[in-house]
Amino acid sequence: MKSIQIGVVMGSNSDWDTMQHAVQILQQFGIGFEARVISAHRMPDDMFRYAEAAVGRGLKAIIAGAGGAAHLPGMLAAKTTVPVLGVPVQSKALSGVDSLHSIVQMPKGIPVATFAIGNAGAANAALFAVALLANENPDLRMELDAFRVDQTQTARNMTLPVTGSDA
């Protein structure tokens with residue numbers, strides 16, 4: 001069994017549609033992770049315990065997704081020195097801009113790395129976590145390099161529909 005290196009947490013199970021994209025990347029790279037709901041507003045004591053135990057449990061990063069008021073990433077960061085990677089979940093009211101502003105506006109001294117709103121942000125947060133781990137793992141670095149090469153080749157292989165007289 002792989003040791004858990006990355007925590008993936010979200011404020012509600014409704015955030016899973018977004019956060020599953022982080023989990024898929026971690027699985028692709030064979031990174032040990034845990035995924036759970038920890039609500040900053042409905043479970044504050046659980047959230048504090050999770051953050052306070054993160055270092056002792058060997059977590060290398062916490063990917064925290066939250067929508068609306070989006071306090072989860074910042075409050076976790078306030079209680080641990082483990083890097084927190086914030087993913088704004090798209091909300092109905094303001095399309096996730098409210099979440100983005102809540103996560104990105106951290107006071108000096110309590111950093112949260114903040115990613116794009118939604119699925120791309122979740123995937124990129126996981127790729128960032130992979131890159132952090134790859135600093136100390138040459139095999140993982142090679143896998144990440146190969147992933148990047150594959151992305152480049154996929155882009156090079158893209159075609160556009162033929163239109164107009166230039167075809």
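The buried residues of helix α6 are Leu 140, Leu 144 and Phe 147, where buried means under 20% relative accessible area, exposed means over 50% and partly exposed covers what lies in between (1.4 Å probe, protein chains only). They cover an arc of only 50° around the axis, so they end up on the same side of α6; the arc is taken over the directions from the helix axis to the C-beta atoms. An α-helix has 3.6 residues a turn, so residues three or four places apart point the same way. Over on the face turned away from the buried side of α6 sit the exposed residues Pro 138, Asp 139, Met 142, Val 149 and Arg 156.

This is a predicted model, in which local features need pLDDT of at least 70 and side-chain atom pairs count only at pLDDT 80 or more, while totals for chains, interfaces and linings use all residues. Residues are numbered from 1 along each chain as its sequence is written, and side-chain values use heavy atoms, with hydrogens and water left out.

What do the buried residues of α6 pack against? They pack against α1 (16-28) and α5 (119-134), with contact meaning heavy atoms within 4.5 Å. Helices here are DSSP runs of H or I with at least four residues, strands are runs of E with at least two, and both are numbered from the N terminus.

On to α5, which has 16 residues and reaches 23 Å from its first C-alpha to its last, close to the 22 Å expected at 1.5 Å a residue. Its buried residues include a run of alanines, among them Ala 122, Ala 123, Ala 125 and Ala 126, along with Leu 127, Val 130 and Leu 133. The cover over the buried residues of α5 includes β1, α1, β3, β4 and α6.

The largest nonpolar core has 27 residues, and those with the most contacts inside it are Ile 6, Val 8, Leu 26, Phe 29, Ile 31, Ile 63 and Val 130. A nonpolar core is a set of buried Ala, Val, Leu, Ile, Met, Phe, Trp, Tyr and Cys residues joined through side-chain atoms within 4.5 Å. At least two residues of this core come from each of β1 (6-10), α1, β3 (61-66), β4, α5 and α6, and the largest share, nine residues, is supplied by α5. Leaving aside neighbours within four places in sequence, the contacts of Ile 63 include Ile 6, Val 8, Met 19, Leu 26, Leu 85, Val 87 and Ala 129. There is also a second, separate core of 19 residues, which includes Ala 64, Leu 72, Ile 103 and Val 112.

Ser 91 is found in the loop between β4 (84-88) and α4 (97-104). It has 16% relative accessibility and therefore counts as buried. The Ser 91 side chain reaches the backbone nitrogen of Gly 96 at 3.2 Å and makes a polar contact with the side chain of Asp 98 at 2.8 Å. A polar contact is a pair of N or O atoms within 3.5 Å; within protein, one must be able to donate a hydrogen and the other to accept it, and residues adjacent in sequence count only if both atoms are side-chain atoms.

As for charged pairs, the count comes to four salt bridges, each a side-chain nitrogen of Lys or Arg within 4 Å of a carboxyl oxygen of Asp or Glu. Asp 46 pairs with Arg 49, the closest N and O atoms being 2.5 Å apart; both lie in helix α2 (residues 44-53), three residues apart, about one turn of the helix. Lys 79 and Glu 52 meet at 2.9 Å, N to O. That pair links distant parts of the chain, with Lys 79 in helix α3 (residues 72-79) and Glu 52 in helix α2, 27 residues apart. Salt bridges that share partners join Glu 34, Arg 36 and Arg 57 into one network. Within it, Glu 34 and Arg 36 have their closest N and O atoms 3.4 Å apart; Glu 34 counts as buried at 8% relative accessibility, whereas Arg 36, at 37%, counts as partly exposed.

Technical notes:
Expected span 1.5 Å × (residues − 1).
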